Amino acid sequence: MTTAKKLFIKTYGCQMNVYDSERMAEALGGQGYETASSAEEADMILLNTCHIREKAAEKVYSELGRLKKLKVDKPDLKIGVAGCVAQAEGAEIIRRQPAVDLVVGPQSYHRLPEMEAKVRAGEAALDTDFPAEDKFEHLKSRPKARRAPAAFLTVQEGCDKFCAFCVVPYTRGAEISRPVLRVLEEARDLVERGVREITLLGQNVNAYHGAGQKGDVGLAALIRELAKIDGLDRIRYTTSHPNDMDDELIAAHAEVPELMPYLHLPVQSGSDHILKRMNRSHTAESYLRLIERIRAARPDIVLSGDFIVGFPEESDADFEATMELVRQVKYGYAYSFKYSTRPGTPAAERQLVDPEVADERLQRLQRLITQHQQEVQQSMLGREVSVLVERQGRAPGQMLGKSEYLHAVHIDDAMAQVGDIARVRIVDSKTNSLTARHIQADKGGE
Ligand code: 5AD
Ligand code: SF4
């Protein structure tokens, strides 16, 4: 009897990488690979990498240095690098770390089975093309394993915006949208496998314009189609660009009950001068007006954002404008990063802000964001919310899930199972989560 080969995938970076890792595991499942729970027991290790900031890329090389040692006891072990570092650095990875057998860019995952055969035959395999064929067509899910109740579904990839700091247009390529029918087909398949919440993914997801039966279809229309699927109770989408937030999408937030009241809408800076230098093509004012319209459509929506601090030329006044914008929006969550020079991007040539000044600004911004996050969480106290139960908690009887607003919620007296949507009341707010009790517990008084 031959034992199955084992595959270990380590995923870095964004949710699209999480989605891609699942697809890679499925593609190699066809080659007889099962999932390994650690790198040590694997016959093939894939690092699905992120190139968005320097730290993320450097982590990959230190991990490769560690993994290389496993080859001493296991000479047949194969090591591959996938994702955006693979796309950006290609053959350079094998030059820098000769223990790497395989380098595959995000558009070539459907070619993994052939590449695996090649590395098993003792050759190195490299593929960082942007091929004309549709990778998703070849990466169909295997039928019909049960899935966790919340899943990702990629509907759009790549970006044409070319923000001056960002590698995505280079690593993920030009914007492409998957056809509507393909998305619906994949969504139905997920629902049949127990999924109740789908997060639509794209680097620029609200620029989605997939081919439909009567021409191109935007994200709002796609969401309305998805909402008709029986059993699909929750829809989210990420990540969006302010300029692609059209009237139909805003209206969908008011009208489609399955569309959850949470929106990640990065602005990056609150200073018009910096926004211009970032090539963002919106202003702080236009962003704030947009937020007003979104809140008018869905008053309880929780917003999140991304910020870059210490972008070249950022003055104290520019940074204060960012702080002011944050105060005005009051995000429920926000991610803030110190600017990281990415070779090949337009901003890479520019004069850096003093790193100590940038660090100090980042800390101030993060304190403000954390304060708002806590206030938004506090505002949930006493409120009834719905929680999609995703797993058991640590304490006996405790279950864990997400509210409509994407807050992590612990239900202590859970009378619910994984996959249920429980009506609960929020009773406490911890640093990064909320605690709740079942509504049924105090039903008598209602
Ligand atoms: N430096 C710092 N942060 C960056 N981001 C993208 N590129 C860079 C960079 N060069 C941030 C942006 C983006 C998020 C995914 O990562 O805020 O929205
Ligand atoms: Fe990068 Fe987003 Fe700008 Fe596209 S819109 S270049 S993905 S930051």
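A polar contact here is a pair of N or O atoms within 3.5 Å; within protein, one must be able to donate a hydrogen and the other to accept it, and residues adjacent in sequence count only if both atoms are side-chain atoms.

This is a predicted model, with local features needing pLDDT of at least 70, side-chain atom pairs counted only at pLDDT 80 or more, and totals for chains, interfaces and linings using all residues. Residues are numbered from 1 along each chain as its sequence is written, chains are lettered from A and ligands numbered from 1 in the order in which they are written, and side-chain values use heavy atoms, leaving out hydrogens and water.

**View 1. What surrounds ligand 1.** Counting residues with a heavy atom within 4 Å, the surroundings of ligand 1 include Ile 52, Arg 53, Phe 165, Gln 268, Asp 306 and Tyr 339. Asp 306 puts a polar side-chain atom 2.6 Å from an oxygen atom of the ligand. Gln 268 does likewise, with a polar side-chain atom 2.6 Å from an oxygen atom of ligand 1.

**View 2. Where domain 1 meets domain 2.** The chain splits into domain 1 (5-127), domain 2 (144-260) and domain 3 (384-442), with bounds from an automatic or database domain assignment. Some 16 residues of domain 1 and 18 residues of domain 2 make the contact (heavy atoms within 4.5 Å). Together the two domains bury about 1,400 Å², 55% of it on carbon and sulfur atoms; that is the accessible area (1.4 Å probe) the two parts lose on being put together, summed over both. Look for Gln 15, Met 16 and Tyr 19, which supply 45% of the area that domain 1 buries against domain 2.

**View 3. Polar links across the interface.** Five residue pairs are in polar contact between domain 1 and domain 2 (both at pLDDT 80 or more). On the domain 1 side, α1 (15-29) and α4 (83-89) each give two or more residues, and α1 has the largest share, nine residues. Helices are DSSP runs (H or I, at least four residues), as are strands (E, at least two), numbered from the N terminus.

**View 4. Asp 20 and its salt bridges.** A salt bridge means a side-chain nitrogen of Lys or Arg within 4 Å of a carboxyl oxygen of Asp or Glu. Arg 172 pairs with Asp 20 this way, the closest N and O atoms being 2.9 Å apart. Lys 135 also forms a salt bridge with Asp 20, at 3.7 Å, N to O. Lys 135 lies in the loop between β6 (125-127) and β7 (150-154) and Asp 20 in helix α1, so this pair ties together parts 115 residues apart in sequence.
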